[in-house]
Amino acid sequence: MSTLLLLTITGVGLGALYFLIASGLSLIYGLMGVLNFAHGAFLTVGAFGMWYAESKLGGLGVLPRFLVASLVGLVVGGVFAALVELVLIRPLYRRHIEQVLVTVGLGLATTALVVAIWGNDARPIAYPGWLGRTTTVAGAHVPNDRWLLIAAAVVVLVALTTFLKRTRYGLIIRAGVENRAMVTALGIDVRKAFTLVFAIGGVAAALAGILGNVYFTTADPNRGTSLLIFAFIVVVIGGLGSLRGTAVAAVVVGLVQQYANYYASTGLGDLSVVLLLGLVLLARPRGLSGAFA
Amino acid sequence: MSLLSVRDLHVHLGESHVLQGIEFDVPEGGVTALLGRNGVGKTTTLRALMGLVDRRGSITLAGDEISATPTHRIVRRGVGYVPEDRDVFAGLTVEENLRLAERNGDARYDLVYDLFPELRERGRQLAGTLSGGQQQMVAIARALLNDNRVLLVDEPTKGLAPALVTQVADALARASELTTVLLVEQNLGVVQRVARDAVVLDTGRIVHIGPARELLASEEMVHRMLGVGHAGDRP
C-alpha cells in the first residue's frame, strides 16, 4: 500500500512538472497556432539562470540564495520567451513551416550554447535541506520535493485560471483561442496578448526548470529537450489550447509512467505514455477536452 | 460628402480575383446597401474594408487612407463590424462578449439593452448556447456598444425567423439614426425598409450605384442584377 502511495505521489509530482511545461505550450498553440519547439529552451534558460545566480550568491544562506536564484531564473525565462516572440515569431505569423524550423533551430542552438559555455555535464544545485528529506504518509516515505512540485503546479493552475477568468487580458486570450481574427475586429491588438502568453509560458517553463533542478538535484543542459517530448504528449492528450485538459493529461501521463516503470519493467514507462497517446487519439482525436482555455 | 471611399480595390483569394477594381462611396449618415447575387464578393468587400484579407487599392475613411492600416487600428478609428456568421465567442458568456468589445469607458449598454433586452437577462449564459437569433443580437450589440462612425454589417438576418428579422431590422433602423451603416443583405424587404442608397456588385465589379428605392422599384433591374423576382414584403 505504501509503495502504491509513493508511486502515486511521485507520479502526480512528475505530472506537475509536465504541466508546468505543457501549460505554456498549450496556451501558445491555442492562441497563436504556434507549435513552439523552442519551449524546452525556456526551461533550460530558466534552470541555468537559477543555477548561475545561485552559484554567484555565495554570501547568502541556502534558503534566501535558493529563493533569489529561483526568482532570477523565472525572470530570465520570462524575458527570454518574450524576446523570442517579439524577434523571431512575430515576423512569421501564418508561416507555420518557418515557425517550426525557427523554433526547432532555437531549441537546438540554446542547448548547444549552454553546453559550449558551461559544458555537457549536469551541474549540482544547492537547495534547502527540507527538500532533500522525506515525509512519512501512511507508511510511505515521500520525498519532500514532490510536495513542492505539486504545490507549485496547483498555484500555477489556479493563478492561470484566475488570470484567464478575471482579467481583460485573460478575456482576450480566451477569445483569441476561439477566433483570433474576430478579436482584432473588435479593435484589440492581439499581438500584445501573444507576447504576454509567450512570457507567461516562459515563466512557467522556467519554473519547471528550477523545480527540475531540485527533483533531479542538478541543472542539465539536455533536460529541456527530453522533457519537451513529454510536454507535447501531454498537450496533445489534453487537447491543444485547453488548460484544464492539460492539467488532467499531465497527471495521467505522470502516473502511467510511474506505474509502468514499477509494475511492468523499468523503461516501459516512456513506451506506455506513447501507447496512451495513441489510444487517446484513436478514441478522441481532439484530446480529452477539445479546445477551450 | 462621403465618409468611406473605395477606389480600385482588388482582392485575390487563392487563384480567384474576387474584387476586380471596385469603386464606390458611402455617404455620411443612413444606410447604404451592398447588394448582389451569392458569391459575387460582398462579404469579401467588407472583409477587405476591415483589413481582414490582403487587398490592393485605396480605402479612405473621412479622408484618411486606411488601406494599409491593421484591422484593430481601423476599428479604433470608428469602424464597427458585424460578420456574416456572427462569430460570437462561444466559450464566453454574453456579458464577456460585450465587455470584450468595449473600447472606452462610455460603452452604450443602455442603447444595447434597450434594443435587445434579452441580452441583459442572458448575461451569464455562454454565447455558444444561444439560438442563432440571440447570437445575432450579441454580434450587433458588440458593434453598437461603441460610438462608431460607420458600421459594416454582413447579412444580419441570414437564417433568422421572421419575428427576429423584424427585430434586427428595427435595430438597424435605430443604428442608422446614430451612425452610418454599410449593409450587406439578401432580404430585400429589409433593404427596402432601411436603405437609402444601393451599390450592386456582380462578379467582382460594381454594376450599379443609386438610390435603393429606385433599384427596388424596378422589377427588371432587381431580376437582372440580383437574380430574384421582387423586393418582397416589408418585414
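## Model and confidence

This is a predicted model, in which local features need pLDDT of at least 70, side-chain atom pairs count only at pLDDT 80 or more, and totals for chains, interfaces and linings use all residues. Residues are numbered from 1 along each chain as its sequence is written, while chains are lettered from A and ligands numbered from 1 in the order in which they are written.

The model scores ipTM 0.91 and pTM 0.84.

## Hairpin and helices of chain A

Helices (H or I, at least four residues) and strands (E, at least two) are DSSP runs, numbered from the N terminus, and two strands pair if DSSP finds at least two bridges between them. In β3(A), A:Ala140 is the bridge partner of A:Val137. The hairpin of β2(A) and β3(A) has two residues between the strands, and A:Ala138 takes a positive phi near 50 degrees there.

Helix α6 (residues 144-166) of chain A packs with helix α9 (residues 190-216) of chain A at an angle of about 170 degrees, their axes being 10 Å apart; that makes α6(A) roughly antiparallel to α9(A). Axes are lines fitted to C-alpha atoms, for helices over the stretch in contact, and angles run from 0 to 180 degrees between N-to-C directions; those under 35 degrees count as roughly parallel, over 145 as roughly antiparallel, 65 to 115 as roughly perpendicular and the rest as oblique. On the α6(A) side the contact is made by A:Asp145, A:Leu148, A:Leu149, A:Ala152 and A:Val156, and on the α9(A) side by A:Ala204, A:Leu207, A:Leu211, A:Val214 and A:Tyr215. By class, this contact of α6(A) with α9(A) has nine nonpolar, no polar and one charged residues, where Ala, Val, Leu, Ile, Met, Phe, Trp, Tyr, Cys and Pro count as nonpolar, Asp, Glu, Lys and Arg as charged, and the others, Gly among them, as polar.

With helix α7 (residues 168-178) of chain A, α6(A) packs at an angle of about 90 degrees, with the axes 5 Å apart, and α6(A) and α7(A) are therefore roughly perpendicular to each other. Here A:Phe163, A:Leu164, A:Lys165 and A:Arg166 of α6(A) meet A:Gly170, A:Ile173 and A:Arg174 of α7(A), a set that divides into three nonpolar, one polar and three charged residues.

## The two sheets of chain B

Four strands of chain B form an open sheet in the order β2-β1-β4-β5, with antiparallel pairing. Because β2 (16-27) and β5 (64-65) of chain B stand at the edges, each with a single partner strand, one side of each is left without a neighbour in the sheet. Strand β4 (residues 56-61) of chain B pairs with β5(B) over two bridges, and B:Leu61 has B:Asp64 as its bridge partner in β5(B).

Six strands of chain B form an open sheet in the order β6-β7-β8-β3-β9-β10, with mixed pairing; its edge strands are β6 (79-82) and β10 (205-211) of chain B, each pairing on one side only. Strand β3 (residues 31-35) of chain B runs parallel to strand β9 (residues 197-202) of chain B over four bridges, and B:Thr32 stands opposite B:Asp197 in β9(B).

## Strand β8 of chain B

Five of the five residues of β8(B) are buried, so this strand is largely enclosed by the rest of the structure; buried means that 20 or more other C-beta atoms lie within 10 Å of a residue's own, exposed 12 or fewer, and partly exposed in between, with C-beta atoms placed from the backbone. B:Thr180, B:Leu182 and B:Val184 point one way, and B:Val181 and B:Leu183 the other way. Four bridges join β8(B) to β3(B) in parallel, and five bridges join β8(B) to β7(B), also in parallel.

## Contact between the chains

Chain B gives 19 residues to the contact and chain A gives 15. On the side of chain B that touches chain A, α2 (71-76) and α3 (94-101) of chain B each supply at least two residues.

Technical notes. Two residues are in contact if their C-beta atoms, placed from the backbone, lie within 7 Å.
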